[in-house]
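Work through the exercises below with the sequence and the model side by side, trying each task before reading its solution.

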Amino acid sequence: MDINKLERVSDNQWRIDPFGKMRVPGIIFASKDLILNMDDKVYEQVTNVAKLPGIVNASYAMPDAHWGYGFPIGGVAAFDPQQGGIISAGGVGFDISCGVRTLHTGLSVQQVMAKQKELADVLFQYIPAGLGSTGIFHLNKKEMDGMLNGGARWAVERGLGEPADLERIEEHGCMPGADPEQISDFAKKRQKNEMGTLGSGNHYLEVQKVVEIYDETIAGKFGVALDDIKISIHCGSRGLGHQIGTEFLKSMVVSAKDNGITLPDRELACAPIDSKIGKRYLGAMRGAINCALANREIVTHLTRQAVKQVFPENDLDLLYDVSHNTCKLEQHEVDGEIKDLYVHRKGATRAFGPGHPSLPAALRDAGQPVLIGGTMGTASYILAGTNDSMQLAYGSACHGAGRNMSRRKATKLWRGSDVMQQLADKGILIRSPSLRGIAEEAPDAYKDVNDVVKAADEAGLARMVAKLEPLICIKG
């Protein structure tokens with residue numbers, strides 16, 4: 001990105017002053033090196049989002065930002081329904097409510113390494129992964145609608161999760177306001193056999209060791225200590241979410257003119273929040289959020305079964321579950337006034353600060369756990385939300401490392417078998433149904449997650465708590 005187009009506010013905050021039809025400034029949180037290596041499309045997309053009706057304060061991009069569909073991945077924007085604010089399917093993304101959850105295991109590094117191969121094989125056997133993967137649960141119409149309305153609560157009620165999990169999931173495991181009737185039969189058909197699956201792309205299940213602690217106090221409240229073994233799960237709403245995004249993007253493009261909206265880019269297809277199509281999308285999207293929450297809960301249930309097979313004495317408790325790719329109605333302070341805003345986070349996660357009433361009582365003093373996934377060969381991080389973040393970007397932070405090249409380019413540079421061997425040489429076991437998928441997700445296809453997380457920490461978006469490195473990765 002051309003750094004001369006930006007005004008440097010601080011070491012890790014950059015401003016784009018409004019020009020043309022921009023209604024608000026653009027703000028990018030990143031170090032100078034991350035900015036220089038960011039593709040120019042991020043600049044274009046940040047400024048285009050700033051042109052949308054009803055946007056409040058600024059169009060934001062997180063340190064992992066890269067080109068996306070309409071909104072940049074790593075984009076955050078809030079819209080005021082009282083000011084003609086919009087909702088955008090492109091501002092949510094295709095894999096609606098894709099997210100990360102991290103589990104405590106009670107295992108030591110020595111225990112896992114003694115049975116590393118066995119554990120990797122059993123997890124791969126239990127957890128369906130890959131393009132078009134299907135699970136052992138097949139939903140009829142009644143169960144489908146129940147899942148879309150109930151989310152993780154629905155899974156727990158069916159014995160596919162633990163009641164205690166619900167306290168550690170955003171919205172307590174169930175997003176209110178879902179309307180399954182707004183979801184097409186084809187979208188439901190795509191999801192019928194996909195519950196309890198990872199899918200493909202950058203989705204994974206990882207067995208990780210804690211290698212560094214940055215904040216002992218918060219780590220203690222989170223239940224995280226040096227050499228702990230954690231399991232992280234990254235997946236979303238699978239085919240259902242993708243189909244909802246595809247269908248509503250087309251509908252929003254067609255309806256934009258009738259709603260008096262001039263789109264700076266067709267990929268920014270949107271609708272007024274209080275319009276008929278806006279309300280329909282909200283109902284469908286909230287159903288997809290519940291689908292993702294139920295999916296991660298079922299994958300957790302299968303993970304618990306797999307770990308029990310290898311380590312019968314160990315239980316897996318949930319640290320937290322965070323979603324990215326959402327639009328949620330939240331209250332935020334704007335010019336000294338509390339307002340109801342629809343906050344889009346695409347490839348960005350909540351990072352609510354200490355004391356926020358939505359947080360579990362046991363974690364409230366520490367702030368929200370922010371789970372940042374890395375790549376299968378590098379590191380992941382646990383951070384904590386800050387009160388500064390509530391003022392900086394509606395309590396938001398980055399969600400991962402962020403790609404620095406396309407999947408197609410990655411497959412030209414690496415072979416999946418070579419990547420697997422290189423990681424095995426480092427003590428990391430990979431299990432995947434697709435060698436091509438491994439090549440697409442080669443560690444060097446991503447930005448340096450250490451740089452991304454450091455920028456988020458220094459910008460005040462979230463506080464670094466712990467660093468985790470993979471021992472086993474089940475890859476989609």
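Predicted model: local features only at pLDDT ≥ 70, side-chain atom pairs only at ≥ 80, totals over all residues.

**Exercise 1.** At what angle do helix 5 and helix 10 pack, and how far apart are their axes?

Residues are numbered from 1 along each chain as its sequence is written, and side-chain values use heavy atoms, with hydrogens and water left out.

*Solution.* Locate helix 5 at residues 116-126 and helix 10 at residues 276-310; they pack at an angle of about 145°, with axes 9 Å apart. Next, take the contact (heavy atoms within 4.5 Å): helix 5 contributes E118, L119, V122, L123 and Y126, while helix 10 contributes L302, T303, Q305, A306, V307, Q309 and V310. Finally, sort these by class, which gives 8 nonpolar, 3 polar and 1 charged residues.

**Exercise 2.** Which residues have the most contacts inside the largest nonpolar core?

*Solution.* A nonpolar core is a set of buried (under 20% relative accessible area, 1.4 Å probe, protein chains only) Ala, Val, Leu, Ile, Met, Phe, Trp, Tyr and Cys residues joined through side-chain atoms within 4.5 Å. The largest has 134 residues, and I244 and Y281 have the most contacts inside it; helix 10 supplies the largest share, 16 residues. Beyond its neighbours within four places in sequence, I244 touches I96, I183, A187, Y281, A284 and A288.

**Exercise 3.** In which sense does strand 7 pair with strand 9?

*Solution.* Strand 7 (residues 99-108) has 8 of its 10 residues buried, and its pairing with strand 9 (residues 228-235) is antiparallel over 7 bridges, with G99 opposite C235.

Note on methods:
Axes fitted to C-alpha atoms, helices over the stretch in contact; angles between N-to-C directions. Helix = DSSP H or I, 4+ residues; strand = E, 2+ residues; numbered from the N terminus. Nonpolar A, V, L, I, M, F, W, Y, C, P; charged D, E, K, R; others polar. Buried < 20%, exposed > 50% of the residue type's maximum accessible area, 1.4 Å probe, protein only. Pairing = 2+ DSSP bridges.
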